[in-house]
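Subject: Structure handover

Hello,

Here is the structure for you to look over. My notes follow below it.

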Amino acid sequence: MKRNVPVTVRWSDMDAFGHVNNVQVLRLLEEVRVHAFEELREDGGPSMLESGVVVAHHEVEYLAPLVWRLAPVPVDLWVTSVGGASFELGYEVYDEAPAGTRTSYVRATTTAVAYDVSSGRSRRLTPGERAVLEAWLDEPVPFRRRSR
């Protein structure tokens, strides 16, 4: 199930070409992910940020220039797959015009791995984490080109 997380574009996110720099796009996705991890928790249990999670891989497809604006930009976020210790998040950064047309700026995925901070090693997802992640499952990201 997709979640929508509006995120603010900062003036300093722009580069010399007047659009949001590709590195700053990853920062925007990080903000969306952190927001999601606060929701991705078992009934009152620790968030995945507290229990441990690290990023293992990003794949980003830039579709149109995103420029600074005062209003937050909407970002859809969802889970595309769940493994034993890892899961993949999908994102789409977009705008929707009143006429119903959609402009997609970025599509991306992040592979995240459950992590045991004390041992410094990956760990298995708990049954509760798996259940919460599976409740957010949706279709794979519709990349124009897929590297895998």
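What percentage of the 148 residues of the protein chain count as buried? The share is 41%. Buried means under 20% relative accessible area, exposed means over 50%, and partly exposed lies in between (1.4 Å probe, protein chains only).

First, the ground rules. This is a predicted model, in which local features need pLDDT of at least 70 and side-chain atom pairs count only at pLDDT 80 or more, while totals for chains, interfaces and linings use all residues. Residues are numbered from 1 along each chain as its sequence is written, and side-chain values use heavy atoms, with hydrogens and water left out.

Overall fold

The protein chain has 3 helices and 6 strands. Helices (H or I, at least four residues) and strands (E, at least two) are DSSP runs, numbered from the N terminus. Their order along the sequence is β-α-α-β-β-β-β-β-α.

The radius of gyration is 16 Å. A compact globule of 148 residues would come near 15 Å, so the two agree. The radius is taken over C-alpha atoms, and the globule rule is 2.2 Å times the number of residues to the power 0.38. Along its principal axes, the C-alpha trace spans about 45 × 35 × 30 Å.

Contact means heavy atoms within 4.5 Å. Among contacts in the protein chain with a separation of 6 or more, 66% join residues 24 or more positions apart.

Surface and charge

The protein chain exposes about 8,000 Å². Carbon and sulfur atoms supply 55% of that area. Accessible areas come from the Shrake-Rupley method with a 1.4 Å probe; for residues, only the protein chains shown count as cover.

There are 17 positive and 21 negative charges, and their mean positions are 4 Å apart. Lys and Arg count as positive and Asp and Glu as negative; His and the chain ends are not counted. Each charge is placed at NZ of Lys, CZ of Arg, CG of Asp or CD of Glu.

Helix H3

H3 covers residues 127-135. Gly128, Glu129, Val132 and Leu133 are buried there. These buried residues fall within an arc of 130° seen down the axis of H3, so they line one face of the helix. The arc is that of the directions from the helix axis to the C-beta atoms. An α-helix has 3.6 residues a turn, so residues three or four places apart point the same way. The buried residues of H3 pack against helix H2 (48-51), strand S3 (73-82) and strand S4 (86-96).

Four residues to look at

The contacts below leave aside neighbours within four places in sequence.

- Arg27 sits in helix H1 (residues 22-39). Its relative accessibility is 14%, so Arg27 counts as buried. Arg27 is in contact with Thr8, Arg10 and Asp13.
- Ala56 belongs to strand S2 (residues 53-62). Ala56 is exposed, at 53% relative accessible area. Ala56 is in contact with Thr111 and Val113.
- Pro98 lies in the loop between S4 and strand S5 (102-116). Pro98 is exposed, at 89% relative accessible area. Pro98 and Trp68 are 30 residues apart in sequence and 20 Å apart in space, C-alpha to C-alpha.
- Thr103 is part of strand S5. With 36% relative accessibility, Thr103 is partly exposed. Thr103 is in contact with Val93, Tyr94 and Asp95. Thr103 and Leu66 are 37 residues apart in sequence and 9.9 Å apart in space, C-alpha to C-alpha.

Best regards
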